[in-house]
Amino acid sequence: MTETRLAMPDEQGYFGEYGGQIIPPPLIAIMNEIDAAYKEVIQTEAFQKELQELYTDYVGRPSPIYFARRLTEHAGGARIFLKREDLNHTGAHKINHCIGEALLAKHMGKTKVLAETGAGQHGVALATACALLGIECEIHMGEIDIEKEHPNVTKMKILGCKLVAVSRGTKTLKDAVDSAFEEYLKDPVNYFYAIGSVVGPHPFPKIVRDFQSIVGREAREQFLAKENKLPDVLMACVGGGSNAMGLFTAFIDDESVKMIGVEPAGKGLDTDQHAATLTLGTKGAIHGFECYNLQDKEGNPLPVYSIASGLDYPGVGPQHCYLKDIKRVEYEAIDDKECLDAFMQLSRLEGIIPALESAHAIAHAMKIAKDMSPDKTILVNLSGRGDKDADFVADYLSL
Ligand SMILES: Cc1ncc(COP(=O)(O)O)c(C=O)c1O
């Protein structure tokens with residue numbers, strides 16, 4: 001794992017002023033047990049061997065880096081490369097941390113693994129890892145997302161997990177987290193809450209980031225082998241921030257490499273229908289940790305929106321907040337229309353149907369490529385494939 005100043009947290013789980021454990025003391029004790037178990041097991045040869053074998057033989061790693069020639073010609077300017085996390089088993093980067101979390105839960109003797117899901121990618125990946133390792137699995141998902149992401153809902157059912165439909169609040173990701181967390185609190189000693197991004201109380205932002213960092217470590221080596229230099233710009237969409245941290249971590253000390261996280265501007269930053277947490281949020285606490293938040297004056301999370309279910313979360317990973325403050329990473333926002341345009345462009349120019357989440361990063365790459373010279377390169381994390389979104393987009397655009 002990368003050991004750099006920017007890859008902290010400190011012992012209390014803080015990245016600068018963000019992160020921590022804003023939870024009751026009994027839960028702090030349980031989180032610290034998880035941290036201790038993680039620190040111990042991650043160093044053992046047996047755990048690393050099992051994890052690496054599953055990444056290679058089961059997930060299909062390493063995922064390739066692909067030069068998107070026609071997309072580059074269309075955008076004009078810098079050459080655009082894609083890290084193909086969409087080719088992983090289950091279709092997204094989420095499987096990288098789900099396998100790790102499920103292995104850790106099993107090692108700790110937990111009886112049930114539970115989690116929230118937005119787009120259903122984390123849910124499918126976790127249900128898959130639990131089927132593989134023979135662990136009971138329960139996934140909470142908002143009713144609106146269930147409707148929109150039905151292919152993933154069907155998959156979760158086939159994989160044998162219990163799916164809990166969440167009908168409260170906005171019926172999307174934030175409410176799914178609340179619901180899953182309530183279930184977790186019924187028996188935190190025996191249950192394991194496998195958080196779906198680099199969010200939640202310490203140690204989860206660190207654990208999920210570490211498991212995802214395989215993406216950047218591979219990408220660094222592959223890009224150097226292909227191009228004999230590092231990329232000029234890295235690009236990744238940011239919901240909670242796991243695929244972005246996965247790509248960024250291995251490059252964090254390479255000052256020549258610019259990093260851009262792309263948030264959802266939804267129907268516009270001047271409306272109340274977006275989820276651009278780092279762009280417009282203020283500091284606060286949500287789901288057990290401190291971060292930038294889209295919140296009202298009393299500190300309650302505001303309803304958020306994105307066309308991409310996996311991006312509509314009112315908080316964001318604490319390490320992203322820190323990296324924003326110290327200006328190591330820039331954060332930009334892409335709206336629904338730009339996202340849909342990129343979704344169609346990548347599909348029709350390259351024959352690659354991206355997840356709507358990933359299409360945000362593609363859109364921003366196209367936007368900046370045209371102002372960069374052709375000897376510059378942009379590496380985009382194509383975090384997932386668009387099978388789950390295909391029917392929705394076809395209906396939306398009346399195709
Ligand atoms: C394909 C894909 N990309 C990105 C995300 C956003 O999550 P994160 O910011 O943790 O990578 C999701 C979430 O569901 C997703 O399914």
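At what angle do helix 2 (residues 45–59) and helix 4 (residues 94–107) pack, and how far apart are their axes? In this predicted model, the two helices pack at an angle of about 140 degrees, and their axes are 11 Å apart. Helix 2 passes helix 4 in a right-handed crossing. From helix 2, the residues Phe 47, Glu 50, Leu 51, Leu 54 and Val 59 meet Ile 95, Ile 99, Gly 100 and Leu 103 of helix 4, a contact whose residues divide into 7 nonpolar, 1 polar and 1 charged.

The protein chain as a whole has 16 helices and 14 strands. Its radius of gyration is 19 Å, which agrees with the value near 21 Å that a compact globule of 399 residues would have. The C-alpha trace spans about 55 × 45 × 40 Å along its principal axes, and 57% of the 399 residues count as buried.

An open sheet of mixed pairing is formed by 6 strands in the order 3-4-14-9-10-13, with strand 3 (65–67) and strand 13 (329–335) at the edges, each pairing on one side only. The twist from one strand to the next averages 30 degrees. Strand 10 (residues 258–266) runs parallel to strand 13 and is joined to strand 13 by 7 bridges, and Val 262 stands opposite Glu 332 in strand 13.

| Helix | Strands touched or crossed | Direction |
|---|---|---|
| Helix 15 (residues 356–369) | touches strand 4, strand 9, strand 10, strand 13 and strand 14 | about 145 degrees with strand 9 |

Definitions and conventions:
Residues numbered from 1 in each chain as written. Predicted model: local features only at pLDDT ≥ 70, side-chain atom pairs only at ≥ 80, totals over all residues. Axes fitted to C-alpha atoms, helices over the stretch in contact; angles between N-to-C directions. Helix = DSSP H or I, 4+ residues; strand = E, 2+ residues; numbered from the N terminus. Left-handed = near helix turned anticlockwise from the far one by under 90°. Contact = placed C-beta atoms within 7 Å. Nonpolar A, V, L, I, M, F, W, Y, C, P; charged D, E, K, R; others polar. Rg over C-alpha atoms; globule rule 2.2 N^0.38 Å. Buried ≥ 20, exposed ≤ 12 C-beta atoms within 10 Å, placed from the backbone. Pairing = 2+ DSSP bridges.
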